[in-house]
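Hi,

Here is the structure I promised to pass on. Have a look at it first, and my notes follow just below.

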Amino acid sequence: VILLSVFSDLFLETHYEFTSDTLLAAIFGGIILGAGVGIVLKSNAALDGTEIMAIKIAQRYPFGVGEIVMFFNIFIFLAAGFVYSPDKAMYSAITYFIAARAIDLVLQGMNEAKSVFIMSSKYDDVGKAIMKNLDKSVTYLSAEGGYSGAKQKMVYCVITKIEIPKIKETVSAIDPSAFIAIENVHEVDGKR
């Protein structure tokens, strides 16, 4: 808070601006703002009540902290559009959209978890290959085709974002016709 006050005063006094392009300022301002807020939140601290509410809501619902902060700020942007101008409100929205992504990136990291569902007639071979090639545990789930009514097993596992190409390659080497669905996982806890 002290540094924010010092640097705000310094930049306002000297009228120094990095760029005169408002769009560039909105984009890079969003990155810097989001990274800063993300670091604060990752340190178990908060800057204001919005972040505290966002953390509490994110613990109960499958939304990122950045998404919740962005939702709260939408009302601020709407009010700013009436008080100032729609252009400034839209630039602010761009800044906070980018900041929301940066907050979630800092909190979740680059290797955010992904859940993978694989439908294959060679499920046992696929599961063994994933355990061997990716060193990941798998779970076999019973499934039934909605259209065909055929009963089979489905392979489920949790991987990191950077392992997506490797799992696709591993599965397609065994069963090129396998169906793979990949989803974001907001939080992973425990070992298996």
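Let's start with Lys122: in this predicted model, it has a relative accessibility of 39%. That falls between the 20% and 50% cut-offs, so Lys122 counts as partly exposed. You'll find Lys122 in the loop that links β1 (113–119) to α6 (123–133).

What does Lys122 touch, once its neighbours within four places in sequence are left aside? The answer is Ile174 and Asp175. Tyr61 is another matter: it sits 61 residues from Lys122 along the chain, and their C-alpha atoms are 35 Å apart.

Now for the whole chain. It has seven helices and four strands, and from the N terminus they come in the order α-α-α-α-α-β-α-β-β-α-β. The chain is more spread out than a compact globule, because its radius of gyration is 23 Å, well over the 16 Å that the globule rule gives for 192 residues. Along the principal axes, the C-alpha atoms fill a box of roughly 70 × 35 × 30 Å.

A few more things I found:

- Of the 192 residues, 27% are buried.
- The chain exposes about 13,100 Å², with 62% of that coming from carbon and sulfur atoms.
- Among contacts with a separation of 6 or more, 65% join residues 24 or more positions apart.
- There are 17 positive and 20 negative side chains, and the centres of these two sets are 11 Å apart.

Cheers

Technical notes
Residues numbered from 1 in each chain as written. Predicted model: local features only at pLDDT ≥ 70, side-chain atom pairs only at ≥ 80, totals over all residues. Heavy atoms only, no water. Helix = DSSP H or I, 4+ residues; strand = E, 2+ residues; numbered from the N terminus. Rg over C-alpha atoms; globule rule 2.2 N^0.38 Å. Buried < 20%, exposed > 50% of the residue type's maximum accessible area, 1.4 Å probe, protein only. Contact = heavy atoms within 4.5 Å. Areas by Shrake-Rupley, 256 points an atom, 1.4 Å probe, with all protein chains shown as cover. Lys, Arg positive; Asp, Glu negative; His and termini not counted. Charge placed at Lys NZ, Arg CZ, Asp CG, Glu CD.
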